[in-house]
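Below is a protein chain with a ligand.

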Amino acid sequence: MNRKNIKIKMDQMGFDYGSIIETVLTTWNHDGTVNAAPMGVIRNPKDQIIIKPYRSSNTFRNMLRNKEVCVNTTQDSEIFLKTAFKDEGLGLFPIKKGDLLLEGSDASIKCKIINVESENTNRPEFTAEIKQILTKKRIPISFNRGRNNAIEAIIQASHIRYKSNERGEDVKTDLINFNYNIQIIKKISASNSTEMKVANKLESLIEKWRLVK
Ligand SMILES: Cc1cc2nc3c(=O)[nH]c(=O)nc-3n(C[C@H](O)[C@H](O)[C@H](O)COP(=O)(O)O)c2cc1C
């Protein structure tokens, strides 16, 4: 894919230079299965994608071992929920057989890792070169505050889970932010909406993690 086409598509998909875009990365596990995890990524001035996974993540290990990574975009909070908390048995995330394409995503950007910096720090930085962008034709999505709040609440929940496992980490601010997002979802979302289901599931997960602690 040439640079001009990459530029056009990345602009169309809302990847502003330097802004963090919340995506779901798919990578190859050592046993040939696919791992999916939400990660914020940044488009740099060379139209490459910068990824900063924690060293403790599967995504970090997978990208070091196998240079293939796919950046999937979606606004579906259920996909973020299931892929953020895979060990909670929330259900599968469908993957196209033999590939890294996450089914249900709006676009999949196939990339190759070309550089790793600060490999030994807590948050190494990977540079990924875009090889192919697959977009799915679909009707434009209208804005729904609840969708943003649901994804925001998943981010807060992942901080709370991480800190609940670390000694001496205070989750007070994360809990305030979490509760704020849940409150908005409950105010504006329909009872059978995806956002409401995500909110209810997150609340029970938080309760469980805090009890286990
Ligand atoms: C929207 C969103 C963005 C996230 N961004 C990052 C990130 O940039 N780097 C990171 O290490 N974890 C990030 N996380 C947390 C990881 O997704 C989470 O720790 C996940 O369990 C890692 O999965 P893995 O171990 O399979 O890679 C994010 C979570 C959410 C919900």
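**Labels and their grounds**

The domain assignment of the protein chain gives domain 1 (3-135) and domain 2 (145-212). The bounds come from an automatic or database domain assignment. This is a predicted model, in which local features need pLDDT of at least 70 and side-chain atom pairs count only at pLDDT 80 or more, while totals for chains, interfaces and linings use all residues. Residues are numbered from 1 along each chain as its sequence is written.

Q: How do you know that domain 1 and domain 2 touch, and how far apart are their centres?
A: Two residues are in contact if their C-beta atoms, placed from the backbone, lie within 7 Å. By that rule, eleven residues of domain 1 are in contact with ten residues of domain 2. Helix 3 gives the most to the side of domain 1 that touches domain 2, with five residues. The centres of the two domains, taken over C-alpha atoms, are separated by 23 Å.

Q: What makes a stretch of the chain a helix or a strand?
A: Helices (H or I, at least four residues) and strands (E, at least two) are DSSP runs, numbered from the N terminus. The protein chain has six helices and six strands. From the N terminus on, their order is α-β-β-β-α-β-α-β-β-α-α-α.

Q: Why does the radius of gyration of the protein chain agree with that of a compact globule?
A: The radius is taken over C-alpha atoms, and the globule rule is 2.2 Å times the number of residues to the power 0.38. For 213 residues the rule gives a value near 17 Å, and the protein chain has 17 Å, so the two agree. Along its principal axes, the C-alpha trace spans about 50 × 45 × 35 Å.

Q: Which residues come nearest to the ligand?
A: A residue is near a molecule or strand if its C-beta atom, placed from the backbone, lies within 6 Å of it. There are 18 residues around the ligand, and Ala37, Pro38, Ser57, Asn58 and Thr59 come nearest. Strand 2 gives the most to this shell, with five residues.

Q: Why is the ligand said to lie between the domains?
A: Domain 1 and domain 2 both give residues to the shell around the ligand, so the ligand lies between them.

Q: How are the residues of the shell around the ligand divided by class?
A: Ala, Val, Leu, Ile, Met, Phe, Trp, Tyr, Cys and Pro count as nonpolar, Asp, Glu, Lys and Arg as charged, and the others, Gly among them, as polar. On that basis the shell has ten nonpolar, six polar and two charged residues.

Q: Is Phe60 called buried or exposed, and why?
A: A residue is buried if 20 or more other C-beta atoms lie within 10 Å of its own, exposed if 12 or fewer, and partly exposed in between, with C-beta atoms placed from the backbone. Phe60 has 22 other C-beta atoms within 10 Å, so Phe60 is buried. Phe60 lies in helix 2. Leaving aside its neighbours within four places in sequence, Phe60 is in contact with Pro53, Tyr54, Arg55 and Pro124.

Q: Why is helix 3 called largely enclosed?
A: Seven of its eight residues are buried, so helix 3 is largely enclosed by the rest of the structure. The buried ones are Ser77, Ile79, Phe80, Leu81, Lys82, Thr83 and Ala84.

Q: How do you know that strand 4 pairs with strand 1 and with strand 5?
A: Two strands pair if DSSP finds at least two bridges between them. Three bridges join strand 1 (residues 20-28) to strand 4, and six join strand 4 to strand 5. Both pairs run antiparallel. In strand 4, the bridge partner of Leu25 is Val71.
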